[in-house]
Amino acid sequence: MTIRPGRLSIAIAAMLALLLVGAVVDPRIAILVLLGDAALVAAVFTVGRRLRRLPIDVQRDGDERAQVDREQAVSFRIANRSHRTVVVRIRQPWPDGFEATGDTLEVTVAPGEVVRGAVVAKPRRRGGINLPPATFELRYAGADLAHVGGQLAAIRMRVFPSLRGMSAYEALRQHHASNLAGAHRHRMIGSGRDFDQLRDYVPDDDFRQVNWKATARRNRPITTVYQAERSQDVLLCLDCGRMMGHAMSGGSTALDHAIDASVMLAHVANRQGDRVGLVLFRDVVTLVRRPGAGMAAVNGMLEDLVDARAEPVFPSYGALTGALRAHQTRRSFVFLFTDLNDPQLAANLAEVLPLITRRHAVTVVSLRDPLLDEIASGPASDRRGVYDVLAARHMVDERAARVRELQRYGATVIEADADSITTGSINAYLNAKARQLV
């Protein structure tokens with residue numbers, strides 16, 4: 001801890017300095033000023049030493065996990081085991097990527113009291129972020145002669161992707177309104193292979209689903225109703241290559257939007273009773289999480305996605321294919337989040353896609369570049385603009401050709417903007433289950 005003068009001490013010192021002007025007239029004033037300065041310094045150090053000896057305990061109080069775009073409190077616990085009331089002032093500097101209205105907390109702590117307080121900030125980006133050391137100062141309540149300062153160690157905060165979509169989904173689900181929104185079907189009634197119930201035959205029922213034994217017992221036509229299978233594997237494959245690092249609307253990258261969509265898709269698949277796995281790849285495969293059931297699998301996936309970053313390298317779809325063949329032998333729903341705006345990368349994907357679609361039901365999810373679409377559809381204002389429009393239209397046409405090629409190889413392709421990528425992915429998953437593609 002360090003001791004420094006308070007505002008009152010500084011004011012007194014300033015007054016004594018003004019009195020030195022009078023020493024020009026009377027040298028005895030200088031002696032009085034020097035005695036006053038000595039007394040002030042002695043008082044500051046005496047009070048400071050007493051403050052240092054006070055049994056005041058200032059600690060951080062957890063809060064090492066946060067979510068993107070959600071206010072997070074960084075808490076402190078102050079315990080005063082002395083016989084004096086003290087004022088504690090804590091300052092927490094914020095690193096880049098945090099948005100905060102203030103960085104200072106000041107509380108008055110009575111003798112024997114334990115007080116908890118917090119400063120609040122909103123993380124704007126995902127990942128492990130180091131919070132700088134927090135500093136604090138102590139002083140006696142009602143006095144400002146001296147301050148004693150200290151420092152709390154830096155901490156590493158893990159900022160998770162935004163989970164607002166999961167909360168909204170659960171709210172819809174609890175109110176049984178999600179069916180109306182087309183985002184969720186609590187029970188996948190259909191032509192699956194899992195028995196659901198028997199009911200009376202109604203016109204348009206498939207004759208192959210008439211349960212003849214039940215019909216004979218009840219003396220009326222009975223239909224067997226099936227539901228979609230559960231415990232199927234859903235594998236989310238995220239491209240962390242160079243194209244996924246370019247900024248989209250709001251400062252987020254394409255990878256950020258892909259992560260948000262994959263988190264929501266994992267939650268929906270888990271609620272449907274399916275098992276969720278994760279693959280991260282760029283020029284090599286960096287992570288393979290085998291499909292697992294329940295929230296433990298979803299939470300494990302969230303932990304893996306905290307530090308996922310796009311790297312300035314070309315993604316290797318061949319490496320992804322090898323990882324799938326090595327680690328995922330069971331037929332699965334494979335969702336590949338990548339970028340098809342680069343024709344060469346789309347061509348590379350088309351080369352290996354048949355090896356994946358041969359075993360799995362593949363959905364390729366790609367973010368559309370709104371700027372490219374705008375230039376391609378807009379009129380040109382000058383000669384240079386003509387070249388820009390022609391180049392953009394060429395890229396759009398080439399991308400459309402690659403999409404058709406991927407579809408010929410058996411993949412479902414979703415091209416969506418940042419606002420609709422989550423809904424599009426979930427609907428593709430529900431449609432694939434309804435069609436029993438796995």
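**A look around R60**

Visitor: How many helices and strands does the protein have?
Guide: This is a predicted model, in which local features need pLDDT of at least 70, side-chain atom pairs count only at pLDDT 80 or more, and totals for chains, interfaces and linings use all residues. Residues are numbered from 1 along each chain as its sequence is written, and side-chain values use heavy atoms, with hydrogens and water left out. Going by DSSP runs numbered from the N terminus (helices are H or I, at least four residues; strands are E, at least two), the tally is 12 helices and 21 strands.

Visitor: Which strand holds R60?
Guide: Look at residues 56–60. That run, R60 included, is strand β2.

Visitor: Is R60 buried or exposed?
Guide: Buried here means under 20% relative accessible area, with a 1.4 Å probe and protein chains only. R60 counts as buried.

Visitor: Which side chain makes a polar contact of 3.0 Å with R60?
Guide: The backbone oxygen of A153 also sits 2.9 Å from a polar atom of the R60 side chain. A polar contact is a pair of N or O atoms within 3.5 Å; within protein, one must be able to donate a hydrogen and the other to accept it, and residues adjacent in sequence count only if both atoms are side-chain atoms. The side-chain partner at 3.0 Å is Q92.

Conventions
Buried means under 20% relative accessible area, exposed over 50%, partly exposed in between (1.4 Å probe, protein chains only). Lys and Arg count as positive and Asp and Glu as negative; His and the chain ends are not counted. A salt bridge is a side-chain nitrogen of Lys or Arg within 4 Å of a carboxyl oxygen of Asp or Glu.
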